[in-house]
Amino acid sequence: MKELLSIEWLKLKSYRTFWILTGFFALLLPLWNYGISNGIVQLGGGKGGINLFSQAYSFSYVWENLGFWSSIFVVFLSILVIIITTNEYQFRTNRQNVIDGWSRLQFYHAKWYIVFVLSLLTTAYVFLVGFVFGAVNGSISDFPGHIIKLFYVFVLSLNYYAFSLLLSIFFKRSGITIGIFFLYSMIIESFLKFLINWKLDFHAGDFLPLQCSDELLPFPILDIVKALAKIEASPSPLPYVIASFVWIAIYYFVGRSKLLKSDW
């Protein structure tokens, strides 16, 4: 694993797109949340407006809040996974890896290691940003709060990046793959979720590939309103965690089968 990762790092460290997309994620996540914490989203205008997220950056809710926004900004890193994988096909470096002694599975696992490490780094960065916001906007004595949400950030990141890798293995062209990723994640899955949940009493649409992870990190103001109104808590997240890992396993085995059977 270490050897494969070191070779992948050699490919990435001088790749400008890698730094641009990771930079977008690293900069936009704290800047966006800084704007929200300072009242960019509020009811009413002017000085009399009500900051809807005034309680969202203490340790009581910071992990939920950052987790939700992270679920949007991970799109940048999902695109990165697509680009670095499809580039292997477009520039034939996948074949060069095999010529140099790799097996197809080593090539495949190297990309999965990247996906796993990116998920860990995403989670670690959200923790760092959340700790700073929580310390500034609340009492350090309230740490760690609902820090289990960080685990959900990891699950969601791993799901999105692994899904992006699967699409890359199938379509092999960055433009087509990115287009399909956006089409599915933003339109098709939302439509399917609505249709399935409308047709069935059981909300099976919540367990679609990406949606099951999104359900772990809902819009944070809903939880705040429920807590203030003393409304019954949301259902257990455990089924969504299990569903996410089942889908991740499916991505792995389907992608593996495709890679081993297809021409390079």
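This is a predicted model: local features need pLDDT of at least 70, side-chain atom pairs count only at pLDDT 80 or more; totals for chains, interfaces and linings use all residues.
A pocket is an open set of grid points with protein on both sides within 12 Å along at least five of seven lines.

About how much space lies in the second largest pocket? The volume is about 350 Å³. Its lining is made up of 17 residues. Closest to the centre are F18, T22, V117, L118 and L121.

Which helices supply the lining? At least two residues each come from α1 (2-12), α2 (16-37), α3 and α5. Helix α5 gives the largest share, with six residues. Sorted by class, the lining has 14 nonpolar residues, two polar and one charged.

**How the helices pack**

Two packed helices are described by the angle between their axes and by the distance between those axes.

| Helix pair | Axis distance | Angle |
|---|---|---|
| α3 and α5 | within 10 Å | roughly 155° |
| α2 and α5 | within 11 Å | roughly 30° |
| α2 and α3 | 9 Å | about 165° |

Take α3 and α5 to begin with. Helix α3 spans residues 62-90, and helix α5 spans residues 104-137. Their axes cross at roughly 155°. Angles over 145 degrees count as roughly antiparallel, so α3 is roughly antiparallel to α5. The crossing of α3 past α5 is right-handed. What kinds of residue make the contact of α3 with α5? They divide into 18 nonpolar, five polar and two charged.

Now turn to α2 and α5. Here the axes cross at roughly 30°. Angles under 35 degrees count as roughly parallel. The two helices α2 and α5 are therefore roughly parallel to each other. Helix α2 passes α5 in a right-handed crossing.

That leaves α2 and α3. These helices pack at an angle of about 165°. This makes α2 roughly antiparallel to α3. Again the handedness can be stated: α2 passes α3 in a right-handed crossing.

**Salt bridges**

How many salt bridges does a search of the whole structure find? The search finds six.

Helix α5 packs with α3 and with α2, and α5 supplies six residues of the pocket lining.

Notes
Residues are numbered from 1 along each chain as its sequence is written. Side-chain values use heavy atoms; hydrogens and water are left out. Axes are lines fitted to C-alpha atoms, for helices over the stretch in contact, and angles run from 0 to 180 degrees between N-to-C directions. Helices (H or I, at least four residues) and strands (E, at least two) are DSSP runs, numbered from the N terminus. Angles under 35 degrees count as roughly parallel, over 145 as roughly antiparallel, 65 to 115 as roughly perpendicular and the rest as oblique. A crossing is left-handed if the near helix is turned anticlockwise from the far one by less than a right angle, and right-handed if clockwise. Ala, Val, Leu, Ile, Met, Phe, Trp, Tyr, Cys and Pro count as nonpolar, Asp, Glu, Lys and Arg as charged, and the others, Gly among them, as polar. On a 1 Å grid over the protein atoms alone, a cavity is a set of points where a 1.4 Å probe fits but cannot get out, and a pocket is an open set with protein on both sides within 12 Å along at least five of seven lines; lining residues have an atom within 4 Å of a point. Grid points are joined across faces, edges and corners, and a volume is the space filled by probe spheres set on the points. A salt bridge is a side-chain nitrogen of Lys or Arg within 4 Å of a carboxyl oxygen of Asp or Glu.
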